[in-house]
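Here is a short tour to read alongside your sequence and 3D view.

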Amino acid sequence: MYFDSWSGFLVMEGHGLYVWSAYTMALAVIAYNLIAPFMARRRILAQITAQVRRQERLVQRNVIVNEVRGDNNENRSANPENTQLKHRPRRQEEGSESVERSAQ
Amino acid sequence: MNWTFFHKLGSPKWFYDISGKWLPWLQVSSLVLILVALVWGLAFTPPDYLQGNSYRIIFIHVPASFLAQSIYMMMATAAAVTLIWRIKLADMALKVMAPVGASFCILSLVTGAIWGQPTWGTWWVWDARLTSMLILLFLYIGIIALRGAIHTTEAAAKACAILSLVGVVNIPIIKFSVDWWNTLHQGATLKLTEKPSMAPEMLWPLLLAILGFYLFFTMVMVLRLRIEIISRERKTRWVKELVS
Amino acid sequence: MVRGGKMSRVDQPSMRGFSACLALIRRDLTLTFRSPGQAINPMAFFLMVATLFPLGIAPDREVLSELAAGVIWIGALLAVLLSLDSLFKSDQDDGALDQLLMSPHPLPLLVLAKVFSHWLTSGFCLTLMAPLLAIMLHLPSEAFSPLMMTLLLGTPVLSLAGSIGAALTVKVQRGGVLLTLLSLPLYIPVLIFATGAVNAAMQNMPYTGHILWLSVFLILGVCLAPLAIAGALRVINE
């Protein structure tokens, strides 16, 4: 321990205010980073449980018979919209080709 | 080469399961490290011969600055992965890193300003490093704002990825031009930190603090990623089972 | 068969792409001439911003000549930003942007043509107007030529860098402020070197280095920005 007393530790030879306010700020940022995810987690879990319950109610009323989809592993392939875009010019050509073919 | 590892890494469910095991270790180690480093730095190191006790802010300021800069680099990496391999997890990482990076950027700026008052006699100096850090904060704000403005997840992901890449190309240019501008204007010549001249009894707690802050960032990122995974995969069966 | 057809389209000499660019520039310029407000409003804004500074700070000759370079450059920067908002948005509204995205020519090239025509109607006009503002703000006469040179080299960079933001915000409702947030950090290097050159000239110091750096930024921008803009437009319109 460098300081000989608590008051010496708090005052820090006149620099205490700066040091302690900087450390308080660090504490605030750390606390924000810890609290924000927990708040978000609680909110999203509540949303999902509400959604699940709503769906169950609908299933009971036979409005939706089976809307529960399986695991959609979208990561395995590129997203479908994009592949569509890539294929677009090719499709046009295919179209024009088929027109030509039919003309022949 | 076996690529299943790579695909597994991109699977949100796999990440959710494995990160649940990492999380307690990360939480304990990061908080203990930060606590030890800061108490060591606050109470057990001798004061600086030039700056007195105010130099103790270094144990927050330097880790926060390092983190703010490297988080942006990590975001750019995640952006490249998002655009090239279209791995959803990379985009989630890009999204959750932005607010964390911005918070450490603010911490770095505020502690720098507080440190400036006893050292330079003024809260703010248009010093090259402080100015670059401020511009880095603007870059973070831009990415967060863009993410908030585009409502479709897919488009927002790629737009943010492009913006982070544009930003990372610009960071060296901005840094260079701000340094040039600073030398022209003869700003503050006093540097906050002079690394080689640091005594080892000050350096050790600093290194510990840097390690602790990085671990803390990893922990926060894992926490936020898990929430983001649940939020985006809410229609899948495993998330529904997890919740109920 | 299909692949062969596609390849021949891509392999065609870039003359086709070049003439498409010319047509695009002619179209954009015609549109601007039909509704000249698009080009005139930023210029009026530029003039008004320059008027506010003497009113807000002091009409002293020394103070103003000290500030002139910064005021003119910041005014130009904001005026370019204002005009960028409608660069892709009007095309998005009338469907011309979809045509652009579907055209067989390389998108970065077309985007470069669009940015060039935007620069002609904004940055270039602002450059022509700058001497008037320089006189109003008592800029010393030896600083006129560096001011014009930096504006000529720097405003295209502003158009290029800002177009990235404009492309990213093309589908955002009221994206003007967002566009500003995204673009201003990218404008900082240009601002630093341009005002640095003018201030160096006012102190009778060489400013070739600044001009060369601005040229480097311009070359970098011409090479890289169209790629980013084209990527952004594709991503947003997927």
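## Confidence first

Chain A has a mean pLDDT of 69, with 58% of its residues at 70 or more; pLDDT is the predictor's confidence in each residue, on a scale from 0 to 100. This is a predicted model, in which local features need pLDDT of at least 70 and side-chain atom pairs count only at pLDDT 80 or more, while totals for chains, interfaces and linings use all residues. Residues are numbered from 1 along each chain as its sequence is written, and chains are lettered from A and ligands numbered from 1 in the order in which they are written.

Within chain A, helix α2 (residues 16-60) has the highest confidence, at a mean of 89, and helix α3 (residues 80-103) the lowest, at 43. Helices (H or I, at least four residues) and strands (E, at least two) are DSSP runs, numbered from the N terminus. The pLDDT is below 50 over residues 69-104 of chain A, a stretch that has 27 contacts in the model beyond near neighbours in sequence. Two residues are in contact if their C-beta atoms, placed from the backbone, lie within 7 Å. Where pLDDT is low, the predicted coordinates should not be read in detail.

Chain B has 8 helices and 0 strands. Of its 244 residues, 45% are buried. Here, buried means that 20 or more other C-beta atoms lie within 10 Å of the residue's own, exposed means 12 or fewer, and partly exposed is in between, with C-beta atoms placed from the backbone. Among contacts in chain B with a separation of 6 or more, 80% join residues 24 or more positions apart.

Which helix of chain B gives the largest share of the side that touches chain A? Chain B brings 42 residues to this contact and chain A brings 36 residues. At least two residues each come from α2 (12-44), α4, α7 (200-232) and α8 (237-243) of chain B, and the largest share, 11 residues, is from α4(B). This side of chain B has 21 nonpolar, 12 polar and 9 charged residues. In this count, Ala, Val, Leu, Ile, Met, Phe, Trp, Tyr, Cys and Pro are nonpolar, Asp, Glu, Lys and Arg are charged, and the others, Gly among them, are polar.

The contact between chains B and C takes 24 residues from chain B and 23 residues from chain C. On the chain B side, α6(B) gives the largest share, 15 residues, and the classes are 20 nonpolar, 3 polar and 1 charged.

## The core and some single residues

A nonpolar core is a set of buried Ala, Val, Leu, Ile, Met, Phe, Trp, Tyr and Cys residues joined through C-beta atoms within 7 Å. The largest one has 156 residues, and I72(C) and A232(C) touch the most other members. Leaving aside neighbours within four places in sequence, the contacts of A232(C) include A159(B) and I162(B).

K88(B) is in helix α4 (residues 88-120) of chain B. Its C-alpha atom is 7.8 Å from that of P12(B), 76 residues apart along the chain.

R86(B) lies in the loop between α3 (58-85) and α4 of chain B. N204(C) is in the loop between α10 (176-202) and α11 (208-236) of chain C. Phi is positive at R86(B), near 55 degrees, and this residue is not a glycine. N204(C), also not a glycine, has a positive phi of about 55 degrees.

| Residue | C-beta neighbours inside 10 Å | Class |
|---|---|---|
| K88(B) | 23 neighbours | buried |
| R86(B) | 19 neighbours | partly exposed |
| N204(C) | 9 neighbours | exposed |
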